[in-house]
Amino acid sequence: MEFIPKWIAWEITRRCNLKCVHCRSSSQLEVAGHPDFSLDEARRVLDDIASYASPVVVLSGGEPLLRPDVFDIARYGTDKGLRICLATNGTLVTPEICGQIKDAGIKMVSLSLDGASAEVHDNFRNMPGAFAATTNAARLFKEQGIKFLVNSSFTKRNQKEIGKLYPFVKALGATAWYMFMIVPTGRGEDIMDELVSMEDYEGFLAWHYEMEKNEHDLLVRPTCAPSYYRVVLQKAKEQGDDFKRRTLQFSTGGAKGCLAGQLIVLIDVDGNVLPCSYFPMAAGNIREQSFKEIWENSELFKNLRDFKSYKGRCGSCEYVGVCGGCRARAYAMTGDYMAEEPFCSHVPFKLKEKK
């Protein structure tokens, strides 16, 4: 398999106007020790990336709209031929911001929404009024023809919202809805006891499979849930669905479910290149090495791409080629990123045969 970077999340600031319970970077309005880099450095990073590949680059945070030069960065990336996107919590969006998004050539904006009501979302985001502000941003985007998707993160405190958020997000006019199964990193480590149970996790994936069969307008994907690709194959076979069609539909450029360090990475505000947004281990630093050198030669990335070396049930699993388990969750919960996926209930055929 050829490994080409397709999607880069770039933490252009760690500052944020919210203090969400699950924040991977423990962001707050002022973050000591993690200052924003300069516009000149931002341009250098984009030059470095564009000289090697043509990935989607998502300007993220923290809250990227707190940077006064966010649209200068976006325009520079657009002019380099990169597909620039923006990830915002939505609370700072105004009609003027919408105009700047369009002028900078930003192709897609993601909004964060964790409940279908202010009671649930504002509790998750630790800010009264966040729900009203974010849904207002969605309204403005729809009015001004800006494509947007919605990211929703789930723990025990809001898992009952999944069925409510689906029609709500669709009514907002989003093009896609990504359901994030929390990986306990950053501030998320403080809510370890709020992680959804293994049984509920499996149930969400089964629910999604049935829902997706009849959904033709909204792209819906479980995220940080590579086990879904195993569920797709199991359910398709059990129910007699078009096995080949569904297999192709749910593959991503031929890669398996967990794309960390294979098709995607995160560059944090300090220049560290991480396998994904929830994997707090650096493969290298773009202030010291080129992106190309890190992507092609990092020992961490080489390990993640070596599926045969995965341990436990993942290493024995017949679905390792399409799933592989969440490497970030394995690392967060066991300290070993090559360990088996902690939330997967599947017992591989090889292990059943030994019993």
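Contact is taken to mean heavy atoms within 4.5 Å. The structure described here is a predicted model. The chain has 355 residues, of which 57% count as buried. Its secondary structure comprises 14 helices and 10 strands. Among contacts between residues at least 6 apart in sequence, 71% join residues at least 24 apart.

Two helix pairs were examined. Two packed helices are described by the angle between their axes and the distance between the axes. For helix 4, residues 118–125, and helix 5, residues 130–143, the packing angle is about 105 degrees and the axes lie 8 Å apart. Angles of 65 to 115 degrees count as roughly perpendicular, and helix 4 and helix 5 are therefore roughly perpendicular to each other. On the side of helix 4, the residues in contact are A118, H121, D122 and R125, and these meet A130, F131 and T134 of helix 5. Sorted by class, the contact of helix 4 with helix 5 consists of 3 nonpolar, 2 polar and 2 charged residues.

The second pair is formed by helix 1, residues 39–50, and helix 2, residues 70–79. The axes of helix 1 and helix 2 come within 10 Å and cross at roughly 25 degrees. Angles under 35 degrees count as roughly parallel, so helix 1 and helix 2 are assigned to that class, roughly parallel to each other. The crossing of helix 1 past helix 2 is right-handed. Helix 1 contributes L39, A42, R43, L46 and D47 to the contact, while helix 2 contributes D72, I73, Y76 and G77. By class, the residues in the contact of helix 1 with helix 2 comprise 5 nonpolar, 1 polar and 3 charged.

R14 is located in the loop that runs between strand 1, residues 7–11, and helix 1, residues 39–50. The relative accessible area of R14 is 12%. Buried means under 20% relative accessible area, and R14 is therefore classed as buried. Two polar contacts of the R14 side chain were identified. One joins the side chain of R14 to the side chain of E11, at 3.1 Å. The other, at 3.4 Å, is between the side chains of R14 and H34. The buried R14 thus has side-chain polar contacts with E11 and with H34.

Methods:
Residues are numbered from 1 along each chain as its sequence is written. This is a predicted model: local features need pLDDT of at least 70, side-chain atom pairs count only at pLDDT 80 or more; totals for chains, interfaces and linings use all residues. Side-chain values use heavy atoms; hydrogens and water are left out. Axes are lines fitted to C-alpha atoms, for helices over the stretch in contact, and angles run from 0 to 180 degrees between N-to-C directions. Helices (H or I, at least four residues) and strands (E, at least two) are DSSP runs, numbered from the N terminus. Angles under 35 degrees count as roughly parallel, over 145 as roughly antiparallel, 65 to 115 as roughly perpendicular and the rest as oblique. Ala, Val, Leu, Ile, Met, Phe, Trp, Tyr, Cys and Pro count as nonpolar, Asp, Glu, Lys and Arg as charged, and the others, Gly among them, as polar. Buried means under 20% relative accessible area, exposed over 50%, partly exposed in between (1.4 Å probe, protein chains only). A polar contact is a pair of N or O atoms within 3.5 Å; within protein, one must be able to donate a hydrogen and the other to accept it, and residues adjacent in sequence count only if both atoms are side-chain atoms. A crossing is left-handed if the near helix is turned anticlockwise from the far one by less than a right angle, and right-handed if clockwise.
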